[in-house]
Amino acid sequence: MIEILFYVLSFVSIVTGLMVVFAKSPIHSVLSLIVTFFAIAGQYILLNAQFLAIVHIIVYAGAIMVLFLFVLMLLNLNKEAEPNKDIAMKLAGVISASLLMVTLTGALHGSVVPEATLAVNTSNGLVKNLGQVLFKDFVVPFEISSLLFLAAMAGAVLLGKKHPSQITDSEIQKI
Amino acid sequence: MKALIALTILAVLALFVGLLKSRKLLLPLVLLGLAGVLALVMQYGCQCEGTFFHQYLDESTYRNMFSFDKFAAVFAGMMLVATLLISMLATDGFIYNESHRPELFALMLFSLCGGIVMVGSTHLVMLFLGIEILSIPAYVLAGSNQRDSQSNEAALKYFLMGAFTTGILLFGIALMYGGSGSMSLDGLMTYSRHSEVSGMFKAGMLMVLIAMCFKIGIAPFHFWGPDVYEGTPSIITSYMATVVKTAAIAATFRFFAQIIGHDAAWMISLVWMAALTMFIGNLTATVQSGFKRMLAYSSIAHAGYVLIAFFTPSLQATQSVVFYLAAYTVATIACFAVLIGVQQQRKNDLFESFNGLAKTNPLAAFTLTLALLSLAGIPPLAGFFAKYYLFSNGWAGYPWLILVAIINSAISIYYYFRTIIAMWFHEPTDEPLSFSMLQKVVLLLTLAGLFTLGLMPGLLLDFLG
């Protein structure tokens, strides 16, 4: 049962993932991306990571995708706005991506994956256990990531704030 | 860890100074704060005895996450000194965005925190966080001159490339974890040495290495470098060429030396990448017409030289990396100190703008000459001894690579001398440049650094053990 679910979810996520890349309209890309996220959230549930699955849906499929759609609609993309990719660039991309795929398949083919040594604990992914790990073993990275967010916020404000001299420049032009 | 907390508080304080009416407090606050953190790090570094990499107990490394050992202390000290010097230049350097000066300082300090996390990280999660804390403020700083389209372009390029690299890095970390079942340096080391290493682990290691090469700017992953360095405001470029590069090289060295440093199979491709990096960096630098772009290519070439130390992991190799990066950092900051002055008053960075600088501004010309000679590796300056240690240690591993490096050093003399000739043998075409007090102090300090490291290399080497 779980195996069948796994294959169905994997198939869906791969197909929709391909649709994200090949869809002609950006809106279709974003919509297929949402389906991909749901399929991946299903995989999380199969791995007993229920909390992660919910957070994944709320944050990615909910917040971030809505943001994507907003930006797409505001940008009003159309055929003319699409940059002209020349054939050499496409060829280079195909070659390097295929090389990476060959390397990865070669490395993963027949590689020995260690068996899970710990007994499978079905409550592993619950908030309580996640919190235990996060605030015991990973407390330093957890705290340090706050530094990352602070820095990113300060940076976003700096980029978003209007340059005072920018205002005067345009005012001078008006005069 | 104390230093990291102090530095974060300093960055937040710098943000709050932005609320005050008077901004006179800002520069003294940043300089004193950095000096204080540097004192903390130095005091700690003197306490650490013996080897660079410590195998601490669980408690002192925060559950195997972060180990502030001698290696981390030395590199953190180096980055702090570099940031201190760059902050002194910032009075003139941040002129393009006067109103956001506190934020620019704060972002630079946040980024420095990321650098310290990187050099001390002993866990892949911490390494990743460190890289992100280092890079995200750097993306913003690259685009902080919003009125300049080149700066915007640089920021976008840097950001897109960096985001893509982050994806590769994370994929690699996931594969490494999948193969070995551990993300701490300790666990990865044990895994890579004892058991049958799975292909998944190797693929992961490959992707992590690619991502790190992106960050350092090793060919063939260097393409973003020159464009980003050129478009970014010079003061930020000096930060990227010194602190960001040092942090990336140090973190790669820690992971590389300990996880795959013993495995010859990894070396083959990396040796070729080192040779390629040197040739691409040096040969492309010879055809540049701008000083800043020339420096960008030369910084790529220098990253290629540093790679030599990666192939013969030993105490001496670690020392030579530290010494080389110290010499490179001092010389690069001296170059940028002069470049900022030239760019602000001549509005470009062409070699012609340096014409006759020896007559009009002898101190700047003298410092720049010595810095360039040091980068080229002319005795008795710091760069010569740095190259000497690096090459003599590397000779045991791959003699032909050392020969390639020596040929490349000879090529580099050509383009470094273009500026020197312009300064000393061409007539001045413009009125003299004016350098502020702080800029002159930086020039004198870097000059002293070049001579001290060159004439008394023992000072630093004794400290390193």
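## Helix H5 of chain B

Helix H5 of chain B runs over residues 124-142. At 1.5 Å a residue, its 19 residues should span 27 Å. The model is a predicted one.

H5(B) is mostly covered. Of its 19 residues, 17 are buried.

## The interface between chains A and B

On the chain B side, 41 residues are in contact with chain A. On the chain A side, 32 residues take part. The size of an interface is often given as the accessible area lost when the parts come together. Here chain B and chain A bury about 3000 Å² between them. Carbon and sulfur atoms carry 80% of that area. There are zero salt bridges between the two chains. Two residue pairs are in polar contact across the chains, both at pLDDT 80 or more.

Which elements of chain B give two or more residues to the side that touches chain A? They are helix H1 (2-17), helix H4 (101-120), H5, helix H6 (149-180) and helix H8 (199-216). H5(B) gives the most, with eight residues. By class, the side of chain B that touches chain A has 25 nonpolar, 12 polar and four charged residues.

## B:Arg293 in helix H12

B:Arg293 sits in helix H12 of chain B, residues 291-307. Is B:Arg293 buried or exposed? Its relative accessible area is 18%, and the cut-off for buried is under 20%. B:Arg293 therefore counts as buried.

Neighbours within four places in sequence are left aside for its contacts. What remains is B:Pro226, B:Asp227, B:Glu230, B:Gln288 and B:Asp349. Charged residues in that list include B:Asp227, B:Glu230 and B:Asp349.

## B:Phe384 in helix H16

B:Phe384 belongs to helix H16 of chain B, residues 382-394. Its relative accessibility is 28%.

How far is B:Phe384 from B:Leu127, C-alpha to C-alpha? The two atoms are separated by 32 Å. Along the chain, these residues are 257 residues apart.

Technical notes: Residues numbered from 1 in each chain as written. Chains lettered and ligands numbered in written order. Predicted model: local features only at pLDDT ≥ 70, side-chain atom pairs only at ≥ 80, totals over all residues. Heavy atoms only, no water. Helix = DSSP H or I, 4+ residues; strand = E, 2+ residues; numbered from the N terminus. Expected span 1.5 Å × (residues − 1). Buried < 20%, exposed > 50% of the residue type's maximum accessible area, 1.4 Å probe, protein only. Contact = heavy atoms within 4.5 Å. Buried area = accessible area lost by both parts, 1.4 Å probe. Salt bridge = Lys/Arg side-chain N within 4 Å of Asp/Glu carboxyl O. Polar contact = N/O pair within 3.5 Å; in protein donor to acceptor, adjacent residues only side chain to side chain.
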